[in-house]
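Me: I am new to this structure and would be grateful for a close look at a single part of it. Could the reply take up the question of cavities and pockets, and then the backbone around them?

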Amino acid sequence: MTGVAITGWGAALPERVVTNEELTTLFETSDEWIFERSGIRARRAATGPFVDPAPPPHPPESGLGTTGRLAAEAGRIALERAGVDPKAISLLILCTTTPDQLIPASSASVAAALGISTGAMDLNAACAGFTYGLVTASGLIGAGAERVLLIGAETLSRATNWEDRTNAFLFGDGAGAVVVEAVPGEGCLLGWDLGVDGNLVSLLYAQHGSGMVMRGKEVFRRAVLATVQSANASLERAKLSIDDIALFVPHQANIRIMEAAASRLGLPLDRVASVIDRTGNTSSASIPLALVDALERGRLSDGDNILLAGFGAGMTWASAVWRWQDR
Ligand code: UT7
């Protein structure tokens with residue numbers, strides 16, 4: 001039997017920190033309002049009104065844009081930590097809603113930057129993307145792939161409508177990556193659940209060339225429901241109860257959504273991983289950023305069960321129960 005394990009991890013954030021206070025120069029708001037409604041104090045930005053000079057436009061032949069650069073940096077750190085040669089990677093999966101261009105997939109340039117030539121693809125399942133990617137990577141390993149480099153990377157600052165005070169404060173840029181490897185035995189993916197309801201596209205979308213539009217209250221309500229239902233489905237598949245979960249790593253969308261989901265699942269807040277105060281919502285990157293932060297703080301020990309759960313535009317949702325193994 002072939003199982004899967006995470007053997008390396010890495011994160012990358014743009015240098016520029018944008019505080020809530022700075023957003024008051026764009027629209028009427030306050031640090032108190034944003035923090036109280038979302039738990040966010042600051043986010044990182046690679047583009048947008050606070051980045052000076054703006055990154056140069058990148059002609060197709062120049063390769064990496066901001067998403068690709070962040071992805072390559074997180075991926076390089078994850079490969080180094082795993083001690084894996086890029087040439088030994090069977091496939092690169094780049095989860096992103098903000099690719100650097102329409103064509104080609106940003107994963108092609110990231111693969112070139114890292115020295116991977118065995119296969120690369122983008123995966124867009126919005127903020128559920130990383131968990132979709134983890135399930136996909138595990139399935140590929142079951143089918144014979146040896147190692148997958150899985151990256152979640154976003155430049156949401158490029159898709160943000162900086163004039164819309166109802167949601168511009170939520171989003172940030174960043175990347176997180178893991179190396180997923182084949183291991184003998186049952187491995188770490190104990191249960192998973194994926195879902196989509198494409199009738200809900202109008203709740204959150206961005207057309208080509210224009211910023212995000214979001215019905216925040218409705219997304220909030222459905223996000224809590226989807227997270228809880230999906231998490232319970234994964235737990236059931238894993239034949240575990242919530243008491244068996246050492247750490248919940250939810251999509252970092254809003255601290256109130258994370259806390260509401262944790263409370264409905266019956267999880268105390270000290271078992272919730274959170275980086276939202278300093279990253280904001282980084283969509284596909286949010287779960288790996290929170291996971292890497294938890295690992296760097298020594299919050300995970302061998303044998304711990306983790307619950308990952310995300311939801312996003314589509315609407316999509318995804319969860320997974322993963323047994324942490326020190327490797
Ligand atoms: O990855 C998935 C993506 N999205 C999400 O997960 C977002 C889900 N939704 C949310 O997180 C919340 O709905 C928000 C944080 C976006 C908003 O919080 P809310 O509690 O739903 O606030 P609201 O939209 O109901 O706004 C409350 C009030 C309104 O004023 P009135 O109508 O009560 O007079 C807004 O006009 O706050 C006002 N408001 C603001 N005030 C100060 C809206 N935006 C701002 C702002 N600063 N930036």
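Reply: A cavity is a set of points, on a 1 Å grid over the protein atoms alone, where a 1.4 Å probe fits but cannot get out; a pocket is an open set with protein on both sides within 12 Å along at least five of seven lines, and lining residues have an atom within 4 Å of a point. Points are joined across faces, edges and corners, and a volume is the space filled by probe spheres set on them. The model is predicted, so local features need pLDDT of at least 70 and side-chain atom pairs pLDDT 80 or more, while totals for chains, interfaces and linings use all residues. Residues are numbered from 1 along each chain as its sequence is written, and side-chain values use heavy atoms, with hydrogens and water left out.

How many cavities of 30 Å³ or more does a search of the whole structure find? The search finds 1, and the largest cavity holds about 40 Å³. Its lining consists of Thr227, Pro250, His251, Ile257, Met258, Ala261, Ala309 and Phe311. Among the elements (DSSP runs numbered from the N terminus, helices H or I of at least four residues and strands E of at least two), H7 and E12 give two or more residues to this lining. H7 has the largest share, 3 residues. By class (Ala, Val, Leu, Ile, Met, Phe, Trp, Tyr, Cys and Pro nonpolar; Asp, Glu, Lys and Arg charged; the others, Gly among them, polar), the cavity is lined by 6 nonpolar, 2 polar and no charged residues.

Two or more lining residues come from each of helix H2 (31-38), helix H6 (216-238), helix H7 (255-265) and strand E12 (305-312). H6 provides the largest share, 4 residues. The lining of the second largest pocket contains 12 nonpolar, 9 polar and 5 charged residues.

The largest pocket has about 830 Å³ of space. Thr97, Thr98, Pro99, Ala159 and Ala206 are the closest to its centre among the 30 residues of its lining. That lining divides into 14 nonpolar, 13 polar and 3 charged residues.

The loop between E12 and strand E13 (316-323) contains Met315, and the peptide bond that joins Gly314 to Met315 is cis, with omega near -10 degrees. In the loop between H6 and strand E11 (245-250) is Lys239, a residue other than glycine whose phi is positive, near 60 degrees. Lys239 is exposed, at 74% relative accessible area (buried means under 20%, exposed over 50%, partly exposed in between, with a 1.4 Å probe and protein chains only).

Elsewhere in the chain, Ile103 and Pro104 are joined by a cis peptide bond with omega of about 0 degrees. Pro104 belongs to the loop between strand E4 (91-95) and helix H4 (106-114). Ala126 lies between strand E5 (120-123) and helix H5 (129-142), in a loop. Its phi is also positive, near 50 degrees. Whereas Lys239 is exposed, Ala126 is buried, with a relative accessible area of 7%.
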